[in-house]
Amino acid sequence: MNDISLSAITSQVLYLSIVFILLVFPRALQKYRIPAPLTCFVLGMVTVFYVADYSQDTTLSFLAALGISSLFLFAGLEVDMHELKKGFWPLLNHLIVRCLAIFGFTWVGISYFHFSFQVSGLIALALLTPSTGFILESLHGLGLDENEEFWVKSKAIAGELLARLLLFVFLKSGSSGDLGTSSAVLIAIAFGLPLLFMFLGRIVIPFAPGSEFSLLIMVGLIAAYLTKQIGVYYLVGAFFTGLAARQLQERMPTLASSENLHAVQLFASFFVPFYFFYSGMIVPAGALQLESLWKGLAITAVLLPFRVGAVALQRIYVSKDAVKSSFDVAIALAPTLIFTLVIASILYEKFFISDTLFGGLLVYAAITTLLPSFVLKKPLSLDVLGVDNPPVH
């Protein structure tokens with residue numbers, strides 16, 4: 001009995017220590033412009049290599065899933081179709097250029113590096129897709145003006161919608177039968193979510209005022225689990241949930257209210273550090289080689305100037321925006337951390353890419369995430385407590 005009690009106490013102390021370190025230490029380093037998510041990720045690697053291997057811990061795995069799901073639930077809630085319509089033509093131009101870039105780099109991967117269509121397409125997505133949830137969480141701390149924030153937010157969200165579609169296509173393109181079955185399930189989820197929310201709005205919300213936040217989180221987790229089961233990861237279901245709730249704003253105004261949006265944002269800011277910490281723990285030892293660093297630097301040298309330049313030139317010559325403002329928007333859209341981490345994990349687990357390529361993708365993700373911190377003079381953070389005025393819709 002004493003051994004059991006001691007083990008339980010030790011486990012509780014361990015989790016309390018992890019929570020304390022993840023919520024305090026990364027934020028303390030932000031004064032040096034080190035993004036908090038990167039600190040959490042490095043802490044995960046340090047823990048698994050120098051302390052103990054908790055990568056099989058089910059509690060930490062669940063907290064990580066909760067973090068990534070809540071972050072993409074928040075990203076879905078941020079999708080405002082009316083705002084996207086305001087910038088329809090510039091956004092359409094942006095998406096056309098993005099599609100051409102993704103398929104262009106997919107072709108390069110197939111032709112010159114002999115990757116399969118699936119692997120090459122997923123790598124292109126990992127390298128070219130900004131992490132919308134991460135960018136939206138950090139947007140208010142980047143020092144951009146209102147117009148610049150609008151375009152960063154709109155382009156990130158539009159790119160996210162496109163990336164979701166292409167992620168699904170690339171993952172399921174290996175089998176026409178699997179693609180058809182998964183498409184049917186995904187369509188059922190997309191159409192079923194609004195119906196589920198309306199059903200819950202009739203039988204739960206009138207009798208339990210204030211339950212909207214709980215319903216959002218629980219439905220988001222269920223949808224995330226379902227999409228994970230069909231092989232397209234947690235983030236798709238969570239994003240669809242937020243999107244469905246936002247589109248029901250007129251019928252169910254309390255569901256996607258500004259208060260609920262801020263509550264989900266706070267919820268995500270608490271749990272997302274666990275996702276980065278856990279992601280750091282599952283990095284293979286073989287990824288920590290000099291070859292990984294050189295591959296990451298080479299990818300960055302080619303891709304980062306291309307991405308920043310493409311977005312900036314579009315704004316300068318198509319939208320007739322000022323040069324400085326155009327580059328500020330482009331740099332704010334640079335971080336790919338979450339999307340790169342997610343796809344790199346999928347590539348490693350399902351398509352068995354090399355350890356060094358996995359490591360190279362991580363190096364690239366780290367550099368793109370550090371860029372706004374040093375160029376825009378603001379450290380990217382997932383701490384929303386510093387936002388004085390939460391977004392109101």
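**View 1. The whole chain, helix by helix.** Helices here are DSSP runs of H or I with at least four residues, and strands are runs of E with at least two. Counted that way, this predicted model has 16 helices and zero strands. The radius of gyration comes out at 21 Å, close to the 21 Å that the globule rule gives for 393 residues, so the chain is as compact as a globular protein of that length. If you're setting up a box, the C-alpha atoms fill roughly 70 × 55 × 50 Å along the principal axes.

View 2. Of the 393 residues, 54% count as buried. Take the contacts with a separation of 6 or more: 80% of them come from residues 24 or more positions apart.

**View 3. Helix α5 from end to end.** This helix covers residues 88–112, which is 25 residues. From first C-alpha to last, α5 reaches 36 Å, close to the 36 Å expected at 1.5 Å a residue. Just after α5 comes H114, with a positive phi of about 60 degrees.

**View 4. The buried residues of α5 and their partners.** Zoom in on L91, H94, R98, A101, I102, T106 and G109, the buried residues of α5. Note that a histidine and an arginine, H94 and R98, are on that list. The buried residues of α5 pack against α4 (81–86), α6 (117–128), α8 (146–172) and α13 (290–317).

Note on methods
Residues are numbered from 1 along each chain as its sequence is written. This is a predicted model: local features need pLDDT of at least 70, side-chain atom pairs count only at pLDDT 80 or more; totals for chains, interfaces and linings use all residues. Side-chain values use heavy atoms; hydrogens and water are left out. The radius of gyration is taken over C-alpha atoms; the globule rule is 2.2 Å times the number of residues to the power 0.38. Buried means under 20% relative accessible area, exposed over 50%, partly exposed in between (1.4 Å probe, protein chains only). Contact means heavy atoms within 4.5 Å. The expected span of a helix is 1.5 Å times one less than its number of residues.
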